[in-house]
Amino acid sequence: MNAWTGDVKKHLALIDWFLVITVLIAMAYGFILIKSATNSQGNQINMLVMHGTAIILGIGSMFILSKSDYNHIIRYAKYLYILSVAALAATLILGVGDEAGVGNKSWIRVPVGGGVTVGIQPSEIIKIAFILTLAKHLDTVKDEINSPKNIIALLAHFAVPFALILTAGDLGSNLVYAFVFAAMCFAAGMSVWYFLGGAFMLAASSPVWWNLMPPYRTDRIIFGFNPHLDPLNVGYQALTSQRAIGSGGLSGLGYQQGYFTQRSSAQGGIPYQWTDFIYSAASEEFGFIGAMLVIVLLTLIISRIFLISRGARNTSGSLICVGVMSIFIAQTVENIGMCLAMLPVIGITLPFFSYGGSSVLSSCLGIGIVLSVNCRKNIYYFTRDESLDKY
């Protein structure tokens, strides 16, 4: 028992507490915002209990994963990848909408008793597994990453989960996966010519895939960049969010006093504000100060992960940090952009702030694996222990 206690104390001494505390502050602030944004909902208590439970599970998972050695975890990358693909394939069969039965069919609802079900979004949780498996793959081929054979293999690694998520209709998650894949490949040393070639092929084929997209999705893109073209339908959510953000001024209207935040969608509020549009609640009720606090917290988290990636003991650890950092960057930019009516509304949560158990758990797992990398960095300043890359 004493040995176990001593091991735990030793591990806690290695934890990056700046990152942990920043994450905890962000989740606490998010919970406060969700409490306000759900005041008009009849099932508010259930929603808060569910989200609070997800936060507790996320914190526990974060510390457990930080104690685990990421080098040992990625030994089983092949099995992680197979399980991830199987879970995404199961979503195509068992997938449903959110709690209200709307949205992309990306959730699997699990009964927990008493007629209550819990929604799990596999594409959120699998983001972390994707990062781990891709980091292992990139580490394996790093010396010949630009050979055509390895490029094809890496594209196949990415294409399978991408296609499954696209089939489920979750465009937001697809864009995050694509950004993570590009960022990790770039960090691993893939030639910029491949990125330019990919961008050219994507642009050249745009008329084809644009015509294949269903009208509701193309409308979201067109009206997303200019919501004033359809202010009462597709553009309504973004424009109302924009009004809420602008009405907050410097210090806001006061907690639980926001005009839009305290109204249901039927009363002129923002539909599902507690999920994708939680940033508008911070801006309306806490003003520019509250909105900047959200950005500052997320910037501190991302910056800290970047520093950890620079000091990682081996290539795989560094790439894992790049992947997690990329998730937070992509989701933060897109989420705040659509809240400001500058980017299309494609259903992306704001990390640590938005309502959603799968989103919170995924974010905490990402932090947990970053903490694992940090706890296992070596003491050398000018070299990296590449011998561990064999894992």
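**Close-up views of a predicted model**

**View 1. Lining of the largest cavity.** Leu 88, Thr 91, Ser 106, Pro 122, Ser 123, Leu 164, Ile 165, Ala 168 and Asp 170 line the largest cavity of this predicted model, a cavity being a set of points, on a 1 Å grid over the protein atoms alone, where a 1.4 Å probe fits but cannot get out, and lining residues having an atom within 4 Å of a point. The space in this cavity comes to about 60 Å³, where a volume is the space filled by probe spheres set on points joined across faces, edges and corners. At least two lining residues come from each of helix H5 (77-94), H6 and H7, helices being DSSP runs of H or I with at least four residues, numbered from the N terminus. The lining divides into five nonpolar, three polar and one charged residues, with Ala, Val, Leu, Ile, Met, Phe, Trp, Tyr, Cys and Pro counted as nonpolar, Asp, Glu, Lys and Arg as charged, and the others, Gly among them, as polar.

**View 2. Helix H6 against helix H7.** The axes of H6 (residues 122-140) and H7 (residues 148-167), which are lines fitted to C-alpha atoms over the stretch in contact, come within 11 Å and cross at roughly 170 degrees. The two helices are therefore roughly antiparallel, a term for angles over 145 degrees on a scale from 0 to 180 between N-to-C directions. Residues in contact (heavy atoms within 4.5 Å) include Phe 130 and His 137 in H6 and His 157 and Phe 158 in H7. By class, this contact has eight nonpolar, four polar and no charged residues.

**View 3. Helix H6 against helix H15.** Here the axes of H6 and H15 (residues 357-375) come within 7 Å and cross at roughly 25 degrees, which makes H6 roughly parallel to H15, as angles under 35 degrees count. Among the residues that meet are Glu 124 and Lys 127 in H6, and Leu 361 and Gly 366 in H15. Six nonpolar, four polar and two charged residues make up the contact.

**View 4. The second largest pocket.** This pocket, an open set of points with protein on both sides within 12 Å along at least five of seven lines, has a volume of about 1400 Å³. Of its 40 lining residues, Phe 158, Phe 162, Leu 175, Ala 178 and Leu 202 are the closest to its centre.

**Notes.** Residues are numbered from 1 along each chain as its sequence is written, and side-chain values use heavy atoms, without hydrogens and water. Local features need pLDDT of at least 70 and side-chain atom pairs count only at pLDDT 80 or more, whereas totals for chains, interfaces and linings use all residues.

Technical notes. Angles under 35 degrees count as roughly parallel, over 145 as roughly antiparallel, 65 to 115 as roughly perpendicular and the rest as oblique.
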